[in-house]
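Biologist: Please put the model on screen. I would like to go through a few of its contacts with you.

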Amino acid sequence: MAVIGSGPAGIYTAEALVKQSAEPVAVDVLERLPTPYGLVRYGVAPDHTSIKSIANYLRRVLELPQVRFLGGVTLGEHLSVDDLLGVYDAVVYCTGAMVDRKLGIPGEDLPGSVAATDFVNWYCGHPDVDPGRFTLDTSEVAVIGVGNVAVDVVRVLAKTADELRATDVPHEVLERLGESQVKAIHMIGRRGPEHAKFTLKELRELGELANADVCVRPEEAVVLGGDFPRQVQGNIKVLQSWAAREPVGRPRRLDVRFWMRPVEILGAERVEGLKLERTRLSEDGRVVGTGEFETLPVGMVLRSVGYRSVPLPGVPFSERTMTVPNEAGRVREREYVAGWLKRGPTGVIGTNKSDAAETVRTLLADLDGRERVGHDGIGALLAARGVRPVTYDEWLAVEAAEAELAKTLGRGERVKLVGLEAMLRAIRP
Ligand SMILES: Cc1cc2nc3c(=O)[nH]c(=O)nc-3n(C[C@H](O)[C@H](O)[C@H](O)COP(=O)(O)OP(=O)(O)OC[C@H]3O[C@@H](n4cnc5c(N)ncnc54)[C@H](O)[C@@H]3O)c2cc1C
Ligand SMILES: NC(=O)c1ccc[n+]([C@@H]2O[C@H](COP(=O)([O-])OP(=O)(O)OC[C@H]3O[C@@H](n4cnc5c(N)ncnc54)[C@H](OP(=O)(O)O)[C@@H]3O)[C@@H](O)[C@H]2O)c1
């Protein structure tokens, strides 16, 4: 079997194939990067070390004798769907949701208007983003969206470099964060506290920031009605308690705003401001503008309004749902899908486990009694294309080099190597 993508969905799929299959199975996990774990490595915030330790569980799956990691192999570049179907019995696509959703407002493409996907990739040391990409040389920043990614981004902006020193943030990024001029961060929700997507634990952490005062306007914290799920009630309570707080003069200030939507990003050459419009809900529950405007003097706008999947060449894709259409994980004969590519960019890491298990149940039921075509032909196919995949042991060499770097720099357990070249040097000195 081939699993494409080594994020949580890919690795849980590999695990489910081994566990659920009644007959012996061999699973190759093909990944475009030299490193496994997808967003666990390049998404989960660096200061959330306990969540990052899920990698220790995922690692045990890659170490199963039935599972093989093949890094540096991209579906659509090195291999086609037909190539895969020629050597495997079945293929499961688990390539996640790698790009940002657009706001669709004027000024969105100005320098200084940044997708959270890029900013997260930057502080996580993703090889697609140059560590010199961002300079935090503005005193005010707006973060659009009130989901958990927005909360991560706000926390990284609010903390001092010292607070992040023990994390795996690349050293060049840590230096940039240390030079940050940011004094005010505005987090903007287009609906009310009761509609915010962040979870209570993540919200509470913002109230515990040592380097920033958190402010909520009392009039924006008002919530009518009361029959909300517990998580939402918790969010409302926390936000209302912040509305009653006085700032105590911490170096940075976080303003959490509600009922404001972005209508234009202002500036001639680069971002100089963000125009917001006050909102309300229409009779049918839509967000509508009230015609009352406000401009924030920000030099950077971080758009954190969700992720979206990209189509894989030769694989069906719905432009409406931005996912691969499927029935319980089945796409077409011998082709399956799991994770964010299957159900969209929502849910926590664990959600992908049950999701992958469903896909694997469908796959194994379909293959039951069928003639097998799979054989160990991927090595020859890749060699013919001049591709030498990164093995699991070679990935361990990257991990070791990251631990060594942390030691040299006097930082925590590891510091990310940045760029493919640095990783490949660690693998094949
Ligand atoms: C910024 C951020 C922070 C998050 N933090 C948390 C958190 O703290 N806790 C939590 O529970 N959840 C968190 N989540 C959610 C969690 O990360 C997702 O639920 C999960 O990663 C989705 O898994 P996936 O395998 O579908 O996608 P991904 O994790 O994105 O994995 C997809 C993999 O496919 C690879 N790939 C892509 N295209 C190709 C190709 N063509 N060929 C080969 N390989 C390819 C990618 O390189 C990647 O490794 C976070 C999400 C984001 C965006
Ligand atoms: N610690 C964690 O557990 C953790 C950390 C990070 C991510 N995650 C998970 O990863 C998933 C993705 O998170 P996410 O934050 O990217 O997405 P999300 O939870 O869907 O939040 C997106 C936010 O953007 C807003 N938005 C969307 N379009 C907008 C527009 N045009 N203008 C203004 N605001 C707009 C949404 O508001 P509306 O509601 O009004 O649309 C919402 O507040 C979530 O399931 C999340 O829980 C978990």
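Modeller: At 18% relative accessibility, Arg278 is classed as buried, a label for values under 20%, with exposed over 50% and partly exposed in between (1.4 Å probe, protein chains only). This is a predicted model: local features need pLDDT of at least 70, side-chain atom pairs pLDDT 80 or more, while totals for chains, interfaces and linings use all residues. Residues are numbered from 1 along each chain as its sequence is written, chains are lettered from A and ligands numbered from 1 in the order written, and side-chain values use heavy atoms, without hydrogens and water.

Biologist: With which residue does Arg278 form a salt bridge?

Modeller: A salt bridge puts a side-chain nitrogen of Lys or Arg within 4 Å of a carboxyl oxygen of Asp or Glu. For Arg278, the closest N and O atoms of the pair are 3.7 Å apart.

Biologist: How many residues apart are Asp89 and Arg372 in sequence?

Modeller: Their side chains form a salt bridge, 3.9 Å from N to O. Asp89 lies in the loop between α5 (81–87) and β4 (91–93), and Arg372 in the loop between α13 (351–367) and α14 (378–384), so the bridge ties together parts of the chain 283 residues apart. Helices (H or I, at least four residues) and strands (E, at least two) are DSSP runs, numbered from the N terminus.

Biologist: Is Asp89 buried or exposed?

Modeller: Arg372 is partly exposed, at 33% relative accessible area. For Asp89 the value is 13%. Asp89 is buried.

Biologist: Which helix gives the most residues to the shell around ligand 2?

Modeller: The shell holds 22 residues, with Val146, Val149, Arg190, Arg191 and Gly347 nearest; a residue is near if one of its heavy atoms lies within 4 Å. One helix, residues 148–158, gives 3 residues to the shell. That helix is α7.

Biologist: How far is an oxygen atom of ligand 2 from a polar backbone atom of Val146?

Modeller: A side-chain N or O atom of Asn148 is 3.1 Å from a ligand 2 oxygen. A polar backbone atom of Val149 also has a ligand 2 oxygen at 3.1 Å. For the polar backbone atom of Val146, the distance is 3.0 Å.

Terms used:
Polar contact = N/O pair within 3.5 Å; in protein donor to acceptor, adjacent residues only side chain to side chain.
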